[in-house]
Amino acid sequence: MNWEEFLEPYRQAVEELKIKLKGIRRQFELEKTHSSIEFVTGRVKPIASILDKAKQKNVPLDELHTMYDIAGLRIMCQFVDDIKKVVELLRNRNDLEIVEEKDYISHKKASGYRSYHVIISYPVQTIHGEKKVLAEIQIRTLAMNFWATIEHSLNYKYNGQFPEDIQFRLQRAAEAAFLLDEEMSEIREEIRDAQRFFSSKKDYPQDA
C-alpha cells in the first residue's frame with residue numbers, strides 16, 4: 001500500500017476542517033459574543049495505530065477507508081452547554097454530512113469517559129476529482145479533555161487492563177471533572193461577563 005497517497009486526503013480534510021472550525025470562533029469574536037469553541041486540534045492517526053486498530057476490528061487493508069477515526073479533530077469548549085451549540089452548528093453545515101452521533105455525555109462510558117462524538121463524511125477536492133473521507137470530531141469541555149488525555153496515556157501503559165486502585169481513582173477523577181463542569185456552568189454568565197471585560201481591554205483578538 002502507498003501510505004502517503006492513502007493518507008493525503010485525510011491530512012487535507014484535517015487541515016481544511018481546522019481552518020473552518022477556527023473560523024467559527026473568529027465569527028463569534030467579530031460579533032463580540034461568547035464563542036462556543038475554545039480551541040480546535042486535529043491529527044491523522046499514525047500508520048502503526050491504524051494497523052493496530054484494523055487488526056482489533058478485523059478490517060482488511062483494502063477496507064481501511066471504512067474506519068471513521070483515521071482523521072480526527074477535537075473541539076474544546078468552556079461549558080457543557082457549548083457542546084450542544086457546536087453540535088447544532090455542525091448539523092447546519094452543508095459542506096459535510098453527519099453519518100453518526102455518539103453522546104457519551106448523557107450516557108458516559110463505564111470508565112467515566114465523557115465526550116460527544118460526531119462522525120462525518122467530508123468531501124476532499126483532489127486533482128482526480130472529489131474524494132469523500134470519514135472523520136471523527138470529538139467535542140468536549142476542557143475538564144473532560146484533561147481527564148480523557150490522562151486516561152488515554154494510562155490506557156497505553158496498562159493496555160486497557162487498569163489495576164483496581166487506578167480504575168477507582170480514574171472514576172473518581174471523572175466525577176470530579178464533571179462536578180467542575182457543573183459548577184462552572186452555574187456561574188457561566190459571570191465568567192462570560194468577566195471575559196468580555198478582559199477582551200475589551202486587549203489591543204488584539206485572542207489567538208485560536
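Which helices and strands each supply at least two residues of the lining of the largest pocket? Select β1 (39-44), α2 (47-57), β2 (71-77), β5 (129-141) and α4 (142-158) to see them. Helices here are DSSP runs of H or I with at least four residues, strands are runs of E with at least two, and both are numbered from the N terminus. You are looking at a predicted model, where local features need pLDDT of at least 70, side-chain atom pairs count only at pLDDT 80 or more, and totals for chains, interfaces and linings use all residues. Residues are numbered from 1 along each chain as its sequence is written, and side-chain values use heavy atoms, with hydrogens and water left out.

**The pocket**

Stay with α4, which gives the most to this lining: six residues. The largest pocket holds about 1200 Å³ of space. Now show K45, K53, D69, H152 and N155, the closest to the pocket centre of its 32 lining residues. Colour the lining by class and you will find seven nonpolar, 13 polar (Gly among them) and twelve charged (Asp, Glu, Lys and Arg) residues.

**The cavity**

Next, select G112, Y113, R114, A143, M144, W147, A174, A177, F178 and D181, which line the largest cavity. Its space comes to about 70 Å³.

**Terms for the tour**

On a 1 Å grid over the protein atoms alone, a 1.4 Å probe fits in a cavity but cannot get out, while a pocket is an open set with protein on both sides within 12 Å along at least five of seven lines; lining residues have an atom within 4 Å of a point.

Terms used
Grid points are joined across faces, edges and corners, and a volume is the space filled by probe spheres set on the points.
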